[in-house]
Each structure stands twice: as C-alpha cells, then as structure tokens.
Amino acid sequence: MTTADTTVATETKPKCRLCGFMSHALGTHLTEVHGLAVGEYLTAYPGSPTVSEQAMRAWENRAPATLRRTGPPPPTDLTVKIMDYDIPVVLGVPETACLPMPDEYRFPQYGQLAVDMAEASIAVLSGRHTYIYGMPGSGKDAFLHAVAAMARRPSIIRTVTPTTDVESWLFVRSFDDKGTHWETNEMFHALTEGYEAEDGRRVPYMILISDFDRATKSQAEFLRLIIDSISGRVQGPGGKIYNLFPGTQIVATANTSGGGDTRGRMVSANPIDGSIMDRFQRVIQFHWMEWKDEGPICQAKFPILATDAPAVFDQIGKATAIVRQAIYAEKLYAEFSHRAVCNILGHCQDIINMTGQVPSDLLKRAVRVWADGLPDEHSQAEAAKLIDPYIKGGVVGSGSSTRTGRKLGGWTG
C-alpha cells in the first residue's frame, strides 16, 4: 500500500534501510538523523515501508478537527531544544556568524556524558564563563558548536598552540604611507562591541578557546583580565583598558583539568595558573559517549556500512565499551575517541567502495588503522586481547599478515 510519499508497512513497525531503526512512522527519524525527506528516501529505496498500518489507521480515523494545520510560531516565540531545555533562538543572527553545526550531531541521552552535558548546558546557556575538559573525542568542542549553531549565538573559535601569539588575536602593528599604527582584529571587536544583528541590536559573543591547556604561562595570562570576577575587561593597543560588551562569554576546552598532564598522553598540556582557573565560573568534565548514543551517529555517518554490513556496528560497539573501560582504568595506554571509531568505520566503508565486496574479515582489517598507531607492541597486543572476542574472525592471529607480510603486536590483516 503506497501513496505519493508514503509506503505502508505490513509489519508492526517499518525498519529504516539506512540504520535499522524501527518506528511506526519513519518521517521524523529520516529528517533528524539522515537529513532526508520521505520522498528522497523512497527514491533511493523504492517500495520501502515508512509507516505502519497501525499508524496509518490511527491517522485516517482521527476526528476532522485534529486534522487542521496550525501556522508556524511567530519569530519571537521560536525556540530550539538543547538537551532538556527549550532555548530561545537569537533573532537576526545568520548561521554564518555562528560556529558550524557538526555533521550528524545529536545530544546524548544515556550514560555519564548525558549527565555532563546537562550540567554544561545550564552553565553555557546561562552565559557563564565555562571550562570543559575531558578525554580526546569526548565531544567538548562539538557540543559548543552545536549550542552556538542551534541557538544562533554569534561565536568565534581560537585554538592555542605553544607558539600562538595570542596578542595578535586582538591587535597587530601595521604600517602604511603615513607610518606605523595599531590595527584591532575580529576578536577585539567581538569582545568590546558584540555582534550587530539584522535589526541593529547588539548581541554578545561566545568566544571558544580550544586546547586552552596547551597555553604557556604568558599565553594564559591573556584571559586573566577578560574573565575577571569584578568586571570583564580587555587590554587594547598601547595598554589601554576596554570594558567587555555585556554578556560576552568565554568558554574553553581542554584535555586536562588545569593541573597538567597526569596520564603521560597529553605531553603538550601545561598546568594553568590556579588564580586563572578560579575565574572560570563553571568547570565540567566530559566523558566518552555511550554506544547507545554513538551507534546511531556512526550509522548515519556511514550509510553504506549500515546497509551492506550492519553487523559491524554491534561488533565495534562492544569493542569500544571494553577498550574505553581499560583506558579509564589505565590498563591500556591509548585513546579510543569518537574520531578513532569513525576512522575504523571509515576504512570499512572504503574497503567496500574500493573492492565492491563485503569481506568476512572487514572489521578485523579496518581495526589496524587505529591499532598500528598505538605506542608500542605491548599496547597493541593488549588492545588485541580486549577486542578479539567481539570482532568476527578475531584480531589475534599467528604468523604473518597475508596483506603486509609482517605481524605487528598480534594484529594481522
């Protein structure tokens, strides 16, 4: 049974051909997770059910009054849901003035990261100067990008490296035919003037400083006056002090809590002056995402795998959980971030694209793009033992790899 943009399932619930998700009506899922209209989905997968018979009967049997459509809310009532909170959208701010929305982003609903982000949402959406730290790939910057993009918060990002001239973020010495002079830069104007919306209002900026724990002592001093608890100010050219535009917010992300590297993995992280850390109004730690949240994101990012090799996601999900537990317990000297998972799944998809086949050892072959980057053979062998039970065909083998002619820490191709 079909209509122009609907195919009715004979089953209780239709299944998404892209990721296996099941629902009485797939329309919202297709739009939010895969960015597809139902018609586009049916063009790619003709005849695929999108609505259950039960849902269709309920729709057809509704009273006529319930079929009346209502218009969109007035712009002044426009809100967006961030975690559990309905947040007003800042009017007159285009998406180009905000940090970009990460691909296939969704807020977590399960595990510790959902708790972390709930608290971070309160802090950031309340305009507090906030320091967010956690393992690589725990979604720190992505969270702030999503908040800025969805709520239309004007925002800019700067990344700290040991050689960054942070003063040049604000102003630089320039010259012309009249001689030398100071030129103020984007961040200086953002801090002191805010953003001019389409209606002429001035809106405060959110300034994201990424990898702040890579800052040297002198670089970190840049923030001391800006996030001062009495009155935020910024030093301009020639030492003149300017007030921050009211509501301007500084958010910083880092891998460490400000005390320097304690794991031996973030060797470029530096201790941050305690009096500067004390000026951050909120400090929140992020943990890695639960697979219940991460799995659907991965399926959306790798639709070929979701269609041709869906079992890979269950295998990598179980392996991810056990490897991250070992890393947290400091039994494995490694990182296994969302980026690492995507790199492995990306190689799976590349193998399928290049060969036109789904080999039985698909995930076993792809895992090496992460495993070969582990620091030593002991770490590689330890990781292999952890993952082996969850990957089809296993990853621990004897003898040389048939593809590379060598064996590396127990991993075979």
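Helices (H or I, at least four residues) and strands (E, at least two) are DSSP runs, numbered from the N terminus. The model described here is predicted: local features need pLDDT of at least 70, side-chain atom pairs count only at pLDDT 80 or more, and totals for chains, interfaces and linings use all residues. Residues are numbered from 1 along each chain as its sequence is written, and side-chain values use heavy atoms, with hydrogens and water left out.

A pocket is an open set of points on a 1 Å grid over the protein atoms alone, where a 1.4 Å probe fits, with protein on both sides within 12 Å along at least five of seven lines; lining residues have an atom within 4 Å of a point. In the largest pocket, α1 (27-34), α4 (111-125) and α9 (291-301) each supply at least two lining residues. Helix α9 gives the most, with six residues. Nearest the centre of this pocket lie Glu 32, Tyr 105, Arg 106, Phe 107 and Gln 109.

A volume is the space filled by probe spheres set on the grid points, which are joined across faces, edges and corners.

| Pocket | Volume | Lining |
|---|---|---|
| Largest | About 740 Å³ | 26 residues |

Elements giving two or more residues to the lining of the second largest pocket include α5 (140-151), β14 (249-254) and α12 (338-355).
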